[in-house]
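Hi everyone, thanks for coming. Please have a look at the sequence and the model on the screen while I talk.

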Amino acid sequence: MLESAEASAKMRADKLSAWFGDKQALRSISLPLVERKVTAVIGPSGCGKSTFIRCLNRMHEVVAGARTAGDVLLDGKSVYGADVDPVRVRRRVGMVFQKPNPFPTMSVRDNVLAGLRLSGITPPDPDAFVEEVLGQAALWDEVKDALDRPGGALSGGQQQRLCIARCLALEPEVVLMDEPCSSLDPVATAKIEELIHDLRERYTIVVVTHSMQQAARVSDYTAFFYLGELVEYDLADVIFTKPSDPRTEDYITGRFG
């Protein structure tokens, strides 16, 4: 089955290492990210989960003193090539952050269109485009009569779905989510998880999460990181029922982390 994962990978980390100054955060990670599937990245705090996904769309390098070694491939081509525009990479590989970060004084409509405007793109029919993208983010029915309200006036869960809509507006191929539910209540979390299930039909998704239950619910594949290393990667069902490494079993059963 893992041979199939390699064959159908949309992205692939290849011996990826990362540092913050002299501190090494990732150690030679090799990992396929299967097209139109959800991969959950789990592990205790400080194990390199967020650094890993920030390397996938070259956001790690914007931190002073940060560097990488190894490679990340998107459709078989290096995203770190000398001729590759990192801005273009970040359009193809979008990011949703842990804390909802809509532009608080900008309207719901303008939040959706913000990324396109920064890229100098105007949809032929902006209103229809906003409706389509908010529909993808399962938010249209809740805000269709409040498109001119500030994004910061929405509830926390709605703000996170607005941020997902803002990401989807740029038509990425891969969506990275860094603990997208950590600041949300259980009802809002359930809506985000339902959304992740729906989005996998169109996007390759990578979710960093501290919640074992969430990883088990939303992911097709799961990767367990510990101390900057990839300990185990497999189908989610295997990781959560028959892990091969005792460290994985200890973590998912709560013995540490």
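I'll start with one valine and then go through some salt bridges.

First, some housekeeping: this is a predicted model, where local features need pLDDT of at least 70, side-chain atom pairs count only at pLDDT 80 or more, and totals for chains, interfaces and linings use all residues. Residues are numbered from 1 along each chain as its sequence is written, and side-chain values use heavy atoms, with hydrogens and water left out.

Okay, find Val-206. It sits in strand β8, residues 204–208. Helices (H or I, at least four residues) and strands (E, at least two) are DSSP runs here, numbered from the N terminus.

Is Val-206 buried or exposed? Buried, because its relative accessibility is 0%. The cut-offs go like this: buried is under 20% relative accessible area, exposed is over 50%, and partly exposed is in between, with a 1.4 Å probe and protein chains only.

So who does Val-206 touch? If we skip the neighbours within four places in sequence, its contacts are Leu-33, Thr-39, Val-41, Ile-53, Val-175, Leu-176 and Met-177. Contact just means heavy atoms within 4.5 Å.

Side chains of opposite charge can pair when their charged atoms come close. We call it a salt bridge when a side-chain nitrogen of Lys or Arg is within 4 Å of a carboxyl oxygen of Asp or Glu. How many salt bridges does that rule give? The count is 14.

Here's one: Arg-58 and Glu-61, at 2.9 Å from N to O. Arg-58 is buried at 10%, while Glu-61 is partly exposed at 32%.

Back to Glu-142, which pairs with Lys-191 at 3.7 Å, N to O. Glu-142 is in helix α6 (residues 140–143) and Lys-191 in helix α8 (residues 186–199), so this bridge ties together parts 49 residues apart in sequence. Both ends are partly exposed, Glu-142 at 36% and Lys-191 at 35%.

Last one: Glu-173 and Arg-92, whose closest N and O atoms are 2.7 Å apart. Why does this pair link separate parts of the chain? Because Glu-173 is in the loop between α7 (156–168) and β7 (174–178), whereas Arg-92 is in helix α3 (residues 86–92), 81 residues away in sequence. Glu-173 is partly exposed at 25%, and Arg-92 is partly exposed at 22%.
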